[in-house]
Amino acid sequence: MNQLGQPLPHESAREHVCGEAAYIDDLPAIRGELFVDFVGSSIAHGHITSINIDAARSEPGIVAVFTAADVPENSFGPIFHDEELLASEVVHFRGQPIIAIAGETREAVAAAKMLARIDIAPLPPVLTIEESIAAKQFIGPKRTIASGDVNVALSKAQHRLAGELHIGGQEHFYLEAQAAIAIPAEAGEITVHSSTQNPTEIQAVIARILKRKMSQVACVCRRMGGGFGGKETQAAMPAALAALVANKTGRAARCAYGHEQDFAITGKRHPYLVRYEVGF
């Protein structure tokens, strides 16, 4: 049958309508599965002076507690490896993960989070683009896209305009928050079910963090409950936390953010400040 112009149903239409479509946190628990969460920074910018996980580790139902020292390769990123899975010395935003906790139940993990102790010496926060420019605190080196001699062209222009434009940030507000389940297999292999827009990036990030070959990591994404760009890169953090726990304990691990947690720690479409000059 020629499919052009035909009203073909979505491949998951029936499951969506009947409520049978399974998203990450709908998947049945695997025997021995652990729940994973983290303790984040209480301030926007600071130097970590001490971490005490003894009480959290002793909480009933807790199987493992990790800090940056327990991560085989703590730095990651889709292109530049400039983000830490668990902050080691300096925190750059409120909520930034510092301690990962894995337990038999969500309740045990929640109780252990309250027992972890982190001391952070505050550093001056940079909260606006103007403050960042004044302090010369930039993300990466200066980059320029140029064609021709701009200064000469402007000097010869009959008319000139200049101005400033602020573009606000955006929250993607997907219905399914960031989530992942990691399942260890033989010979150091691991399978990760992730709500991600980029399965290959999840595969690459986890392989780097665990110091595995790409061929030892498989990423599966059956469906997403929304993404809009917000799960292009930000899905890596929960997937990596779950994979770290699965790798260290030999048990399946599930990490699913709550929405408040998701809003607080995932990167967004950031605001922009545009300063322009035009000649015509």
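Analyst: Buried here means under 20% relative accessible area, exposed means over 50%, and partly exposed lies in between. The model is predicted. By that cut-off, Arg254 and Glu33 are both buried. Their side chains meet in a salt bridge, with an N to O distance of 2.7 Å. Arg254 belongs to strand 13 (residues 253–256), while Glu33 sits in the loop between helix 1 (13–18) and strand 1 (34–40), so this pair ties together parts that are 221 residues apart in sequence.

A salt bridge also forms between Asp37 and Lys113, where the closest N and O atoms are 3.1 Å apart. This pair again links distant parts of the chain, with Asp37 in strand 1 and Lys113 in helix 3 (residues 106–115), 76 residues apart. Asp37 counts as buried because its relative accessibility is 19%, and buried means under 20%. Lys113, with a relative accessible area of 24%, is partly exposed.

Glu176 and Lys231 form another salt bridge, their closest N and O atoms being 3.5 Å apart. Here two loops are linked: Glu176 is in the one between strand 9 (160–167) and strand 10 (179–184), and Lys231 is in the one between strand 12 (217–220) and helix 7 (236–249), 55 residues apart. Both Glu176 and Lys231 are buried.

Salt bridges with shared partners join Asp25, Glu33, Arg106 and Arg254 into one network. In total, the structure holds 12 salt bridges.

Terms used:
Residues are numbered from 1 along each chain as its sequence is written. This is a predicted model: local features need pLDDT of at least 70, side-chain atom pairs count only at pLDDT 80 or more; totals for chains, interfaces and linings use all residues. Side-chain values use heavy atoms; hydrogens and water are left out. A salt bridge is a side-chain nitrogen of Lys or Arg within 4 Å of a carboxyl oxygen of Asp or Glu. Helices (H or I, at least four residues) and strands (E, at least two) are DSSP runs, numbered from the N terminus. Buried means under 20% relative accessible area, exposed over 50%, partly exposed in between (1.4 Å probe, protein chains only).
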